[in-house]
Amino acid sequence: MASDSIQTVVTTWYPIAAGTDLPYRHTYHGQLLGRELAVWRADDDYVNVWENRCLHRGVRLSIGINDGAELRCQYHGWRYANRTAGCTYIPAHPADAPARAICNRTYPAVERYGLVFSTLDGPTEPPVVDAFDEREPFPLRGVEVCAPAELVREALRTHEFQPNDRIEGNGAHTTVVVADGEALVVTSVDGDSATSAAFFVQPVDAMACVIRGVLDTEPAPAQRSSVLRHHNALLCRLRDDVEVLAGRLPAPEPIEDVFEDAPTSPSITDVAMPRRAPTLRVQVARKWSVGQDIAGFELEPLGAQLPTFQPGAHIDVHLPNGLVRQYSLINAPGELQTYTIGVKREPNSRGGSECLHDTVREGDVLAISEPRNNFPLRRDAVRTLLIAGGIGVTPLLSMARVLHHGQLPYELHVFAQSSDHVAFGEVMAGLEGSVITHLGLTPEETIVEIGDVLGPHAEANHAYICGPGPMLDAGRRVAADAGWPDEAVHFEYFANTTTIDHTSSFEVALARSAMTLPVAAGETILDVLRANGVDVPSSCEQGACGTCAVAVLEGRPDHQDVYLNESERRAGTRMMTCVSRANSARLVLDI
Amino acid sequence: MIKLYDFELSANCYKQRLLLSMLEVPYESIPVDFFPGWEHKSDAFKKINPLGHIPVIDDAGYVLRDAHAILVYLAAKYDATGQWYPTGDAELLGETAQWLLFAEGTTNTASAARLHDSLDYPFDIQACRTGAHRLFRVLDEHLWFRESEELDWVCSAGHPTIADLALFPDVALAGEGGITCQQYPALRRWMDRVKRIPGFTLMPGIFPAGPARQ
């Protein structure tokens, strides 16, 4: 090997762990330049490098539980998603979706040469050791030294070792090949045997560092253990010498870590969601049949990381024909490389499902909104029933996958015309027996069956029902008759099929914006707000999804949506501004 | 039933609770007011153990003291598999004894630092911490090479032994004595494995591990 071909690229990346330090379901406690890191490998092999504190109370996340998809804080159980570090669940608020703003600080990670590299401040690439080109490098045991990194780098310049094939010998001559990069590259030659090694020094803080060595070739299996022990013994001796030396020198100034403010929100769940904006561009990576008249779409982000979602969440899909439609994500927890939705071809399509089925193809680019969750899943129930009618299974699949992964008790009941009409059979197969299908029932039989599935209500039982309107209306009645309280039965409607009465006129006072606006017959509150420059989130704009809910401070709302349940309607403290109106001359809204 | 003279916050008593739970042996915990009552130094307790230490067990009149001796007795008597105290394998038995003696060292350093910090024991805290780090370095290196040979436990067997249980509480509670395990990644991984042994129980200061990947 010509020595002049060996170079390293200078960067601000450092190794923070060995690949073998990150087995599945373990959380590694790392540190770089004074900053503590919680490092964990998800089941999809993504390496997460996060600031080591929970956004709630600052407890170290390195003692948290890596469940393969999410990291759970040991203190109050806040959960953070693989890849994004966005909060997915807060046990103290089991019925609410955490705000999008609750997201931990992440750092990049690249696995290279059997090490995990990261950086606190640069989008540049991790170091490249030219000597390792086309080879399979062999990482050594990392050795922590209680001394400044500079002293260790200096000591490594005269470090000597035997090449792999002459590990028992003592005649090696070691020369430094590269000393000006992040890695010190040295070559040891003994007779006709040669081994190159790259030594990276990871600065933990001012008074501690880790030597992470990598050999250019993997020794023969019989030599593996003796090579590892040879290098470990030599590096430990170097460590002991440098620690003695460091003890005689004045201690360096400690690294003052500057913590930026955690990106928390003013409130845990009450954060305004973006209005109906197509903020993300995605490409259709896969379109395939997932059931009769049902197409699956796997949507891949263009460049950016997809945002965190919670089970039950939906996205707005902006279609090439100008229509906007809502579809639930069926994703498993921590699955954030793509979003997957299922679309049923509606016989009376107004152009949405038809366009997705007939026009949109693999490779097409679509605009979507960030995920919103108006159908949040509690994870504290002792029994969770997921009841799906037809394509209504999509949000419930995502819920089932979270409950399945967390080994929580649940049943997924799927009502469909025939087994061909059951969507995403391959996903259901992964749920291992917790799926019960009810095929070919008449509407009357379906109602009876839902009653049997629900049974009488017991403490901490929750049911989630999604399907066609008539099925949901019947489900409401059956559940109420069986003694299920409103707060234990959760619904998601596809659409609001009630005829909206737009004839009333009234005025709305906006308590926070200090405005009073008239709403004439034929206008919606949402239209009037927007026309007057008040930004309000919305999604379906037909009273089904719950995105445009606002708090009512005074007046009697005229509810025309299908999102609120009976007790919420009676309470009159929230309303959907897209369809609901007033039964009083004036409404005071908390906007 | 076995009586265990016990204190909830004692690392050495926790070692017995772990083994009894893993062996599914029922026992009665007799609480000793170790702190702040100093009951283990009372005349009454010194009749049970003249050294004034806990744990002590009383197994139908057979009284035994010293944490690591009790582990030997319980495993030899109640473990039908013969794995926890492997008397049938001379080499493995030797290793087990070696690491039990090593655990005397971690008790006298890491656990002593914890007694100093949390219960005001008058120990030389710097000496305790330095000593603990010296031992943890050795144990971390040992476990790293065990892993490189695809072995999970302190002794060279495919199953845990009482040596793992003798060491685990001293290591896992070391943070309460100001001794971080951050720089001992192999020790931290081994702690996850101990926490996943069927029958593992918690005590204050010990956090559970999640399930292993199926």
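This report walks through some features of a predicted model with chains A and B.

## Before you start

Residues are numbered from 1 along each chain as its sequence is written, while chains are lettered from A and ligands numbered from 1 in the order in which they are written. Because the model is predicted, local features need pLDDT of at least 70, side-chain atom pairs count only at pLDDT 80 or more, and totals for chains, interfaces and linings use all residues; side-chain values use heavy atoms, with hydrogens and water left out.

## Chain B as a whole

Let us begin with chain B. Its secondary structure comes to seven helices and four strands; here helices (H or I, at least four residues) and strands (E, at least two) are DSSP runs, numbered from the N terminus.

How does the radius of gyration of chain B agree with that of a compact globule? A compact globule of 214 residues would have a value near 17 Å, and chain B has 17 Å, so the two agree. The radius is taken over C-alpha atoms, and the globule rule is 2.2 Å times the number of residues to the power 0.38. Along its principal axes, the C-alpha trace of chain B spans about 50 × 40 × 30 Å.

Of the 214 residues in chain B, 53% count as buried. Buried means under 20% relative accessible area, exposed means over 50%, and partly exposed lies in between (1.4 Å probe, protein chains only). The chain exposes about 9,300 Å², with carbon and sulfur atoms supplying 55% of it; such areas come from the Shrake-Rupley method with a 1.4 Å probe, and for residues only the protein chains shown count as cover. Among contacts in chain B with a separation of 6 or more, 65% come from residues 24 or more positions apart. A contact means heavy atoms within 4.5 Å.

## A helix and a histidine in chain B

Helix H3 of chain B covers residues 67–78. Its 12 residues reach 16 Å from the first C-alpha to the last, close to the 16 Å expected at 1.5 Å a residue; the expected span is 1.5 Å times one less than the number of residues. Several residues of H3(B) are buried, including B:Ala67, B:His68, B:Ile70 and B:Tyr73. The buried residues of this helix pack against several elements of chain B, among them strand E1 (2–6), helix H1 (11–22) and helix H4 (90–119).

Now look at B:His40, which sits in the loop between strand E2 (27–31) and helix H2 (43–48) of chain B. Is B:His40 buried or exposed? B:His40 is buried, with a relative accessible area of 1%. Leaving aside residues up to four places away in sequence, B:His40 touches B:Val32, B:Phe34, B:Phe45, B:Lys46, B:Gly52 and B:Tyr121.

## Two open sheets in chain A

Chain A has an open sheet of three strands in the order E1-E11-E10, with antiparallel pairing. Its edge strands are E1 (14–18) and E10 (110–112), each pairing on one side only. Neighbouring strands of this sheet are turned by 40° against each other on average, direction ignored. For such angles, axes are lines fitted to C-alpha atoms, for helices over the stretch in contact, and angles run from 0 to 180 degrees between N-to-C directions. Three bridges join E10(A) to strand E11 (residues 115–118), where A:Leu115 is the bridge partner of A:Arg112. Two strands pair if DSSP finds at least two bridges between them.

Another open sheet of chain A has four strands in the order E5-E6-E7-E8, again with antiparallel pairing. The edge strands here are E5 (65–66) and E8 (87–89). Two bridges join E5(A) to strand E6 (residues 70–72), and A:Ile65 has A:Arg72 as its bridge partner in E6(A).

## A covered strand and an exposed arginine

Strand E17 (residues 208–215) of chain A is mostly covered, with eight of its eight residues buried. In a regular strand the side chains alternate between the two faces of the sheet. Both faces of E17(A) are covered: A:Ala208 and A:Val210 are among the buried residues on one side, and A:Cys209 and A:Ile211 are among those on the other.

Strand E16 (residues 193–205) pairs with E17(A) in the antiparallel sense over eight bridges, and a hairpin joins the two through two residues. Strand E13 (residues 143–145) also pairs with E17(A), over three bridges, with A:Glu144 opposite A:Val210.

For contrast, A:Arg570 in helix H9 (residues 566–571) of chain A is exposed, with a relative accessible area of 62%.
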